[in-house]
Amino acid sequence: MICDRLWINANLATCAAAAPGLARIERGAIACREGKIIWCGPQRDLPATLTAPEIIDCEGRWITPGLIDPHTHLIFAGDRSDEFARRLAGVPYADIARGGGGILASMRATRAASLSRLHADAANRLAAWRAEGVTTIEIKSGYGLDQTTELAILRTARALNDATMRVRTTYLGAHALPPEHDRATYLDLIRTTMIPMIARDHLADAVDGFCESIAFTPAEIAEIFEAARSHGLPVKLHADQLSNGGGAALAARFAALSADHLEYAAPEGLAAMAAAVTVAVVLPGAYYVLREPVAPDITAMRHAGCAIAIGTDCNPGTSPIMSLRLCAHMACVLFGLTLDEAWRGITINAASALGLAAETGSLEAGKSCDLAIWSVADPAEVLAWIGPAPLHQRILKGNDA
């Protein structure tokens, strides 16, 4: 058995899909060939026939799967810090959005920005995720809301997928209604022009929508999802963030990869999601910034058997946060997740939310060799502390990244 690289003298948190919690292996080893894990387990069980031209002594460090952020709005222009001040003064986010702020403010700035500026800014932001051991990130469109800018955002996101970061792209045309369109015309543009074009050119891995009183109705989202499904694109949903609009049940109806936010989701909607194997992605950054009075019902999610993932929801207004570790920390403190649940929420469950569980998210033979190597005595330290990550090394597809 020949491999390219072999990591030894490591403690492993495999986050294996079929195992509970972190599925720890003390004094373990990982062998990689052609970018994939070919062996993972206790070092004492290493096959005697296994040879490697490069052997890395981890000196007792912990190895986890490379972290995964399943929900970001990373490509945008402009700044909305003024809205932070207005919210502190008591102005609700819904009122800011209805007055032309929120998503539409970012839309105006993004439309005015050059492609080179959008790419450069997004590339610079990605450094924060690399520094925390993230190897896979989702990037949504949704701040263009016209054909030219939405396609430009998706192409920019695709261009960020390289040897240092795996990027999944999501088309979020149904983020807000742009001022130049009436609802019927814009929804028709999404269904009959944008989705077919995006599917043809392979610009997105999924289609998303914002199902909320300030955005789009369940019936409107259902039409968009039907179009996505007819073109072979899976769906995701911003669901039940500000009110219980039946978004969780709608996501389940279309077997969505994930439903995200879920502060106001009803238990029956969460049960439907579990039955549909739709991942519940919680976004504590937006909950914190908006000072929402209602938190996602984690107890109902557990009872239903929902897989729970965690994302940053990084965006310039309602979650200006570029730290997945911080969001995992907040999910524990604010929502009551256990440390094991939080770890799975930024590894294997986050992979499931992106349709990537067969490829990454855990340390198992056959999966991509995506590793985060930590200088800690226990994985709890990675999420308990707020500040610079104790990251020793980051590996993507078997290579230093």
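This is a predicted model: local features need pLDDT of at least 70, side-chain atom pairs count only at pLDDT 80 or more; totals for chains, interfaces and linings use all residues.
Student: Is Thr156 buried or exposed?

Tutor: Let's start with where Thr156 sits, which is in helix H5. Its contacts, leaving out residues up to four places away in sequence, are Ile75, Leu118 and His119. The relative accessible area of Thr156 is 8%, and the cut-off for buried is under 20%. Because 8% falls under that cut-off, Thr156 is buried.

Student: Which elements are included in the cover over the buried residues of H3?

Tutor: Helix H3 spans residues 103-112, and its buried residues are Ile103, Leu104, Ala105, Ser106, Met107 and Thr110. The cover over these buried residues includes helix H1, helix H2, helix H4, helix H5 and strand E9.

Student: What is the volume of the largest cavity?

Tutor: Rolling a probe the size of a water molecule over the atoms shows where empty space is left. Searching the whole structure turns up two cavities of 30 Å³ or more. The largest cavity has 13 lining residues, and Tyr93, Ile103, His175, Gln241 and Thr318 are the ones nearest its centre. The volume of this largest cavity is about 120 Å³.

Student: Which residues form a nonpolar patch on the surface with Leu334?

Tutor: Leu334 belongs to helix H12, residues 324-335. With a relative accessible area of 35%, Leu334 is partly exposed, and patch residues need over 30%. The patch has about 310 Å² of accessible area together.

Methods
Residues are numbered from 1 along each chain as its sequence is written. Side-chain values use heavy atoms; hydrogens and water are left out. Patches are made of residues with over 30% relative accessible area and no salt bridge: like charges are joined within 9 Å, nonpolar side chains (Val, Leu, Ile, Met, Phe, Trp, Tyr) within 5 Å. Accessible areas come from the Shrake-Rupley method with a 1.4 Å probe; for residues, only the protein chains shown count as cover. A salt bridge is a side-chain nitrogen of Lys or Arg within 4 Å of a carboxyl oxygen of Asp or Glu. Helices (H or I, at least four residues) and strands (E, at least two) are DSSP runs, numbered from the N terminus. Buried means under 20% relative accessible area, exposed over 50%, partly exposed in between (1.4 Å probe, protein chains only). Contact means heavy atoms within 4.5 Å. On a 1 Å grid over the protein atoms alone, a cavity is a set of points where a 1.4 Å probe fits but cannot get out, and a pocket is an open set with protein on both sides within 12 Å along at least five of seven lines; lining residues have an atom within 4 Å of a point. Grid points are joined across faces, edges and corners, and a volume is the space filled by probe spheres set on the points.
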